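Please open the structure in your viewer and keep the selection tool at hand. We will go from one stop to the next, selecting residues and looking at what surrounds them.

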Amino acid sequence: RGARQGPTAKRESRSSWEGDFLKARKRPERKPLSIERTKGSEILFGIAPCSLALSESRRDLFRLFLKQSSGSQRLVTSEFVLQATARGVPVHHVKRRELDALCRGQVHQGVCLEATPLRFKSLEEAEKPDVGHEESPNQQLVWLALEQIQDPMNLGALLRSAYFLGVDRVVTSQRSSCPLTPTVSKASSGAMEVFDVYSTDDLRSFLKAKTAEGWEVVGTVSNPEDAENIPVISCLEFRWNKPIIIVIGSEGDGLSLETQLLCHRMLAIPPGRALHPGIESLNVSVATGILLHSICSQKLRHGD
C-alpha cells in the first residue's frame with residue numbers, strides 16, 4: 001500500500017491544484033488564426049461546392065483549407081489534397097474554429113476554399129441553343145426565368161432542382177435578385193459550380209423576344225384568382241410541344257403584373273386538401289421543383 005498523505009501534504013497538493021486551475025483560467029484564449037484574404041476573393045464552404053469548384057476550372061483558386069482530422073474524415077481530406085495538388089492549389093490544415101471564422105459560422109463540413117466569385121453570364125455572350133440545324137419550333141427546350149429571387153437559400157435550391165430535372169438554361173433578372181454567393185452554391189449542393197446562370201437587365205424585353213421567336217412563356221401562380229385575365233391550368237394538365245420559358249416570381253409578391261401580362265398561360269399546383277388560411281402556398285423552390293418535374297418528365301418521355 002502507498003503511504004498515506006498527511007494533512008500538510010494534502011494542503012500542498014490542493015494548493016498546487018488550485019494554482020494550476022487559476023493559471024488556466026487566466027491564460028488568454030487563443031484567437032482564431034487571422035487569414036488575410038486575397039483581394040477580390042470569397043470563401044466557398046462545404047464538401048460539394050469546394051470539390052466541384054476544384055474540378056471544374058471555372059474559378060481562379062487560391063487556397064484550400066481543411067480541418068485537421070482523424071478517422072472517417074481522413075478519406076475526404078486525402079481526396080481533397082489530391083484534387084488541390086492536381087490544380088496546384090496550396091493546402092492548409094487548420095483547426096475547426098479557424099474554418100468557422102473563415103466562413104462566418106456556416107456549415108463548412110471541414111472544407112473551405114478561397115476563390116474568385118462566379119458571375120452571371122450575360123445573354124449576349126450566350127451560345128446559341130442547339131435546336132437542330134433547322135431550328136425546329138417543336139424542339140422541346142425548357143428555360144427557367146427568375147424574377148427577383150432574393151433569398152440565397154431559395155436560389156440555390158432552385159438551381160439544384162433545375163440542374164437535376166434537366167432545365168436547359170436559367171435566366172435571372174438583374175434587379176433585386178440575389179447574386180451567386182457561396183451560400184447559393186452550398187444550397188445548390190454545388191450545382192452552381194457546373195451550371196451556367198444567365199442574367200438580363202430587361203426581363204420583359206427578353207420574354208417578348210422569345211415569344212417572337214415562337215417560344216411559349218408560362219407563368220406560375222399560387223392562387224388562380226390572382227391571375228390577371230390569363231388562362232390558369234393545373235400543372236398536371238399542362239402539355240407542351242414547343243420551346244417554353246417557365247417564369248417564377250419573387251418569394252413575397254410572385255410575378256409582377258407586367259410580367260404576368262407577357263405570359264400565355266399560368267400554371268398552378270392543385271393542393272391535396274382543403275387548406276387553412278395562411279398555409280395556402282408553397283415555398284418558391286419547392287413549388288418550382290414540383291412544376292419542373294411535371295414539365296420536364298414530359299420532355300423525357302417524348303425524347304425516348
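How many disulfides does a search of the whole structure find? The search finds 0 in this model, which is a predicted one. To see why, select C50 and C112: the sulfur of C50 is 6.3 Å from that of C112, its closest cysteine sulfur, and this is too far for a bond, since a disulfide needs the two sulfur atoms within 2.5 Å.

Next, select T172, which you will find in strand β7, residues 169-173. T172 counts as buried, at 3% relative accessibility. If you set aside the neighbours within four places in sequence, the residues in contact with T172 include F120, L146, S177 and V197.

Now turn to the aromatic rings, of which the structure holds 3 pairs. Select W143 and F206, a stacked pair with 6.2 Å from centre to centre and 5° between the planes. This pair links distant parts of the chain, for W143 lies in strand β6 and F206 in helix α7, 63 residues apart. Both of these residues, W143 and F206, are buried, and together with W215 they form one aromatic cluster.

For the last stop, select R169 and Y198: the charged end of R169 sits over the ring of Y198, 4.6 Å from the centre of that ring.

Conventions: Residues are numbered from 1 along each chain as its sequence is written. This is a predicted model: local features need pLDDT of at least 70, side-chain atom pairs count only at pLDDT 80 or more; totals for chains, interfaces and linings use all residues. Side-chain values use heavy atoms; hydrogens and water are left out. Helices (H or I, at least four residues) and strands (E, at least two) are DSSP runs, numbered from the N terminus. Buried means under 20% relative accessible area, exposed over 50%, partly exposed in between (1.4 Å probe, protein chains only). Contact means heavy atoms within 4.5 Å. Rings of Phe, Tyr and Trp (its six-membered ring) pair if their centres lie within 6.5 Å; planes under 30 degrees apart count as stacked, over 60 as edge-to-face and the rest as tilted. A charge sits over a ring if NZ of Lys or CZ of Arg is within 6 Å of the ring centre and within 35 degrees of the ring normal.
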